[in-house]
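Welcome! Here is a short tour of a protein model for someone meeting it for the first time. Take a look at the structure, and then read on.

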Amino acid sequence: MTLRERTLAKALAAGLGVLALAACSPSGATESAPASAAAPQVHAESGLAVIPLTVTTADGTRHEFHVEVAASAAEQARGLMFRTEMGADEGMIFPREDNPRESSFWMRNTVIPLDIIFIGPDRRILNVAANAVPYSEASVPSAGPAGAVLELNGGRAAELGIKAGDKVDW
């Protein structure tokens, strides 16, 4: 047996041992590190951190998303430009909590239609700019000082009944 074959055999045996150990663990076992200690998720295409975000509508319905965080000026300038697809429950958030201000977005180099959701400092939705047109350089403004902006696939907010006044948590 060559050195490479021996190394592969050892790796396979170790992997099977781990698999057997996992298969024997009780389904309710919680011996792993707490979720808060887990490494943050990173989006495969953008490399940005991915966090959970929840929108609670006026009737109490909760909609959960996994959103990329565009935190830096460069990340915010790029946003979702050049992206050709995004999952139904994915999006991008542009946090501005330290400097809420009147905001406007455009769709330059943005391939997919988006719902641009402006969120006030109180984390309530100010307004939804539905189905922003790909590649448009028209300004899409907030209806007041925004503490964050959330982008979802175009039409998703209407599909889920998300509108002004709804609560956003992340």
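Among contacts in the protein chain between residues at least 6 apart in sequence, 66% join residues at least 24 apart. Keep in mind as you read that this is a predicted model. The chain holds three helices and ten strands, and buried residues account for 34% of its 170 residues.

**Layout of the chain**

**Nonpolar cores**

- The largest nonpolar core contains 17 residues. Those with the most contacts inside this core are Met92, Phe94, Phe105, Leu114, Ile116, Phe118 and Val149.
- Two or more residues of this core come from each of strand 4 (90-95), strand 6 (114-119), strand 7 (125-132) and strand 8 (140-146).
- Strand 6 is the biggest contributor to this core, giving three residues.
- Which residues does Val149 touch, leaving aside its neighbours within four places in sequence? Val149 is in contact with Met92, Ile93, Phe94, Phe105, Ile116, Ile117 and Phe118.
- Another core, of 16 residues, lies apart from the largest one. Its members include Leu53, Phe65, Leu152 and Ile162.

**The largest pocket**

- How much space lies in the largest pocket? The computed value is about 170 Å³.
- This pocket is lined by 14 residues, and the closest to its centre are Gln76, Ala77, Phe105, Trp106 and Glu151.
- Helix 2 (73-78) and strand 5 (101-105) each supply at least two residues of the lining. Helix 2 provides the largest share, with three residues.
- By type, the lining residues divide into seven nonpolar, four polar and three charged.

**Salt bridges**

- How many salt bridges turn up in a search of the whole structure? The search finds seven.
- Arg62 pairs with Glu64 in a salt bridge whose closest N and O atoms are 3.9 Å apart. Arg62 is exposed, with a relative accessible area of 52%, and Glu64 is exposed too, at 54%.
- Arg83 forms a salt bridge with Glu68, with the closest N and O atoms 2.8 Å apart. Arg83 lies in the loop between helix 2 and strand 4, while Glu68 lies in strand 3 (residues 62-69), so this pair ties together parts that are 15 residues apart in sequence.
- Are Arg83 and Glu68 buried or exposed? Both of these residues are buried.
- Glu68 and Arg83 also belong to a network of salt bridges that links them with Glu45.
- Arg156 forms a salt bridge with Glu159, and here the closest N and O atoms are 2.6 Å apart. The two residues are separated by about one helical turn because they are three residues apart in helix 3 (residues 156-160).
- Within this pair, Arg156 counts as buried at 11% relative accessibility, whereas Glu159 counts as exposed at 58%.

Notes: Residues numbered from 1 in each chain as written. Predicted model: local features only at pLDDT ≥ 70, side-chain atom pairs only at ≥ 80, totals over all residues. Heavy atoms only, no water. Core = buried A, V, L, I, M, F, W, Y, C linked by side-chain atoms within 4.5 Å. Buried < 20%, exposed > 50% of the residue type's maximum accessible area, 1.4 Å probe, protein only. Helix = DSSP H or I, 4+ residues; strand = E, 2+ residues; numbered from the N terminus. Contact = heavy atoms within 4.5 Å. 1 Å grid on protein atoms, 1.4 Å probe; cavity = no way out; pocket = protein on both sides within 12 Å on 5 of 7 lines; lining within 4 Å. Points joined across faces, edges and corners; volume = space filled by probe spheres on them. Nonpolar A, V, L, I, M, F, W, Y, C, P; charged D, E, K, R; others polar. Salt bridge = Lys/Arg side-chain N within 4 Å of Asp/Glu carboxyl O.
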